[in-house]
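Trainee: I would like to learn how to read pairing, packing and chain contacts from a model. Can we work through one case?

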Amino acid sequence: MTRILAVDDEPLYQHLYKVNLEKEGYDVVTASNGEDALDMVTSRHPDLVVLDVMMPRLDGITTCERIRQFSNVPIIIVTARGEENDRVRGLNVGADDYVVKPFSATELIARVRAVLRRSQTSEQPTQSRYFMHGNLKIDFARAEVWKDNKPVFLSATEYRLLIQFAHHVGEVMTAEELLVAIWGSAYREDKEILWVSIARLRQKLEDNPHSPQHIVTRAGLGYLMPPL
Amino acid sequence: MTCISTKLEVIKPEYLYSIGNIITQATEWKPALDEISQLVHSIIIFDNLAVYLSDSKNNSVDVMYARAMGRGRKAEADVSWGETLANQIIACNQTILREPSLDPQQDRLQQAYMLGIPLTAQKICLGAIIFIRFGGPCFDSESQQLAEFIAGQITLLIQCQNLQLEYKKLEAQQAQSQLQEDFISTITHELRNPLGFIKGYTTTLLRSDTTWDQTTQQEFLEIIDHETDRLEELIENLLDSARLQSGQLKMQFQQVITDSLINTVITRTRLHYPDLSIIIESDKNIPPIVGDAGRLAQVLENLISNAVKYAPGSDIAIVLRKEKEYAVISVKDHGPGIPEQYLGHLFERFYRIPNQAPNVHGSGLGLYICKQIVDSHRGYITANSIEGKGTSFDVHLPYKP
């Protein structure tokens with residue numbers, strides 16, 4: 001049975017999703033905040049997530065971004081009328097479609113059907129929530145990193161740099177690619193900040209930062225996380 | 001007259017270091033200047049010291065600092081503070097050294113040597129600092145250098161203080177606009193949610209591709225009905241608040257018997273909350289008050305619905321007490337209470353206690369409206385709360401307004 005995870009902090013919206021989508025024959029599970037939603041994506045394996053943007057604690061955009069670190073599950077974000085920005089941000093971080101509140105039940109159902117149809121034709125390879133590399137473990141859902149089963153505290157930039165490597169194991173990435181991906185195109189030339197960040201990441205992650213195992217330099221080319 | 005250096009040694013770096021230290025540690029420029037003048041008094045010999053600041057708004061120059069440090073302080077203080085010189089310096093934005101015409105017959109006090117330095121930061125002249133010495137010798141170039149250094153340092157401090165003042169003003173403005181923004185976002189949220197539910201559940205009922213059983217239909221309709229009420233209440237509150245703000249909410253005063261006021265309120269409350277347990281306590285023979293019964297009922301109903309909302313599951317006590325000049329109506333609950341730091345803000349327009357549970361709705365208008373209504377009865381409302389024990393709102397209404 002196709003399972004849908006509906007995330008909204010308002011119980012009446014959860015209920016609205018549930019009655020309408022269950023009537024369509026979907027199995028509907030609900031969560032009332034982003035953190036719970038992340039857990040449920042990993043524990044209940046939904047085929048589609050309907051995600052409200054305006055939520056306390058972890059907002060919908062961040063939740064969407066985190067889900068995309070480890071899962072290709074289709075996501076429909078729900079935004080308020082007049083918040084075009086949210087819609088654009090949501091689509092930019094990997095949402096498949098959006099619905100604008102207030103919406104009619106039939107529109108919601110039509111969007112859900114359409115997104116599910118598209119996703120079923122292109123079978124999605126879903127990765128695991130966890131990423132392992134030697135003694136290193138990343139929990140994409142919680143944005144946490146562990147080394148030898150001890151938590152490592154990374155800055156937001158360091159974390160984004162690390163998952164960039166984790167998503168491209170075995171591929172050499174140039175300094176420029178990394179700078180544009182993490183800092184933005186304005187930093188294209190700013191090699192020094194990359195060097196500093198890589199050095200700090202190695203300090204935190206490598207047993208011996210001078211002979212790194214996780215983030216390796218390919219002289220003249222760039223950096224890579226070698227396949228193990 | 002040629003200036004002979006008054007000291008044999010040049011200015012030691014230690015002095016500059018100490019001045020720098022005073023400046024970086026200082027929060028206000030006047031005490032800092034006091035300290036500096038003590039420190040350098042052995043190098044720059046002066047009797048009077050004054051700082052003039054120009055007020056660009058009024059196009060005027062005011063003396064902001066004056067110290068007489070010489071031996072004959074009192075007499076010297078009467079003579080000269082270099083005000084004319086200050087005006088000149090501010091006009092031309094240059095250091096000016098002024099020496100008296102030498103007349104041996106003249107009294108020392110008539111011979112004022114003045115060193116005036118503009119206080120300039122980023123090419124804008126904020127004012128001038130004037131060193132005055134009576135009876136020579138004149139200020140040598142070393143003294144002038146050190147004085148200019150001091151002037152530069154003090155300028156930085158003055159500028160920093162000015163910026164802090166501006167910053168505080170902006171901060172207050174920002175807080176005000178933040179309040180407005182919060183209000184707009186609360187109201188948007190509060191207006192949108194009921195609308196979203198009404199739209200959502202109506203279109204659910206209207207779905208042509210499916211049918212709903214009687215109970216489900218009933219449930220959806222109740223949601224729609226309830227959300228319509230919520231919307232109406234919010235709009236009423238918004239209108240009331242706007243009318244109160246502009247003084248257009250007219251009260252219809254008449255004699256009100258508090259007992260019957262409370263009975264009316266309780267009858268209506270039971271309609272809305274049939275399961276709510278309400279305890280009533282009342283003193284005997286409370287004189288009637290003069291007020292608008294409808295608006296007073298609105299106050300009490302608002303307090304009760306707040307209690308239901310923020311102290312779910314608690315019973316509610318309505319206590320009517322006779323005081324000397326006031327009838328006091330209290331609405332008490334045994335809910336979680338309100339942390340003390342928020343109590344003072346409760347009656348402010350748009351105020352909401354931070355970090356409310358997301359499902360507790362409110363616009364930050366209800367208590368503001370209550371207070372305004374009670375105030376217009378020449379009464380007052382207070383909130384008392386003990387965390388973990390409960391909250392009491394006490395409405396004091398005078399017998400004679």
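Trainee: Which residue is the bridge partner of Met114(B) in strand 5 of chain B?

Mentor: In this predicted model, Met114(B) has Ile132(B) as its bridge partner in strand 5 of chain B. That bridge belongs to a pairing of strands, so look at the strands next. Strand 4 (residues 112-121) and strand 5 (residues 124-134) of chain B are paired in the antiparallel sense, over ten bridges.

Trainee: What is the strand order of the open sheet in chain B?

Mentor: The order is 2-1-5-4-3, five strands with antiparallel pairing. Then look for the edges. Strand 2 (60-68) and strand 3 (96-98) of chain B each have a single partner strand, so each has one side without a neighbour in the sheet. From one strand to the next, the twist averages 15°.

Trainee: Which helix packs on the sheet?

Mentor: Helix 4 (residues 83-92) of chain B does, and it touches strand 1 (48-55), strand 2, strand 3, strand 4 and strand 5 of chain B. The direction of helix 4 makes about 145° with that of strand 5 of chain B.

Trainee: How should I read a pair of helices? At what angle do helix 1 and helix 2 of chain B pack?

Mentor: Take the angle and the axis distance together. Helix 1 (residues 13-25) and helix 2 (residues 29-40) of chain B pack at about 165°, their axes 9 Å apart. Angles over 145 degrees count as roughly antiparallel, and helix 1 and helix 2 of chain B are therefore roughly antiparallel to each other. The crossing of helix 1 past helix 2 of chain B is right-handed.

Trainee: Which residues of helix 1 and helix 2 of chain B meet?

Mentor: From helix 1 of chain B come Tyr15(B), Ser18(B), Ile19(B), Ile22(B) and Ile23(B); they meet Ala32(B), Glu35(B), Ile36(B), Leu39(B) and Val40(B) of helix 2. By class, this contact has eight nonpolar residues, one polar and one charged.

Trainee: What of chain B as a whole? How many helices and strands are there?

Mentor: Chain B has ten helices and twelve strands. Of its 401 residues, 28% count as buried. Among contacts in chain B between residues at least 6 apart in sequence, 68% join residues at least 24 apart.

Trainee: And between the chains, how many residues are in contact?

Mentor: 16 residues of chain A are in contact with 15 residues of chain B. On the chain A side, helix 1 (11-23) and helix 5 (105-121) each supply at least two residues. Helix 1 of chain A gives the largest share, six residues. The residues of that side divide into nine nonpolar, three polar and four charged.

Terms used:
Residues are numbered from 1 along each chain as its sequence is written. Chains are lettered from A and ligands numbered from 1 in the order in which they are written. This is a predicted model: local features need pLDDT of at least 70, side-chain atom pairs count only at pLDDT 80 or more; totals for chains, interfaces and linings use all residues. Two residues are in contact if their C-beta atoms, placed from the backbone, lie within 7 Å. Helices (H or I, at least four residues) and strands (E, at least two) are DSSP runs, numbered from the N terminus. Ala, Val, Leu, Ile, Met, Phe, Trp, Tyr, Cys and Pro count as nonpolar, Asp, Glu, Lys and Arg as charged, and the others, Gly among them, as polar. A residue is buried if 20 or more other C-beta atoms lie within 10 Å of its own, exposed if 12 or fewer, and partly exposed in between; C-beta atoms are placed from the backbone. Axes are lines fitted to C-alpha atoms, for helices over the stretch in contact, and angles run from 0 to 180 degrees between N-to-C directions. Angles under 35 degrees count as roughly parallel, over 145 as roughly antiparallel, 65 to 115 as roughly perpendicular and the rest as oblique. A crossing is left-handed if the near helix is turned anticlockwise from the far one by less than a right angle, and right-handed if clockwise. Two strands pair if DSSP finds at least two bridges between them.
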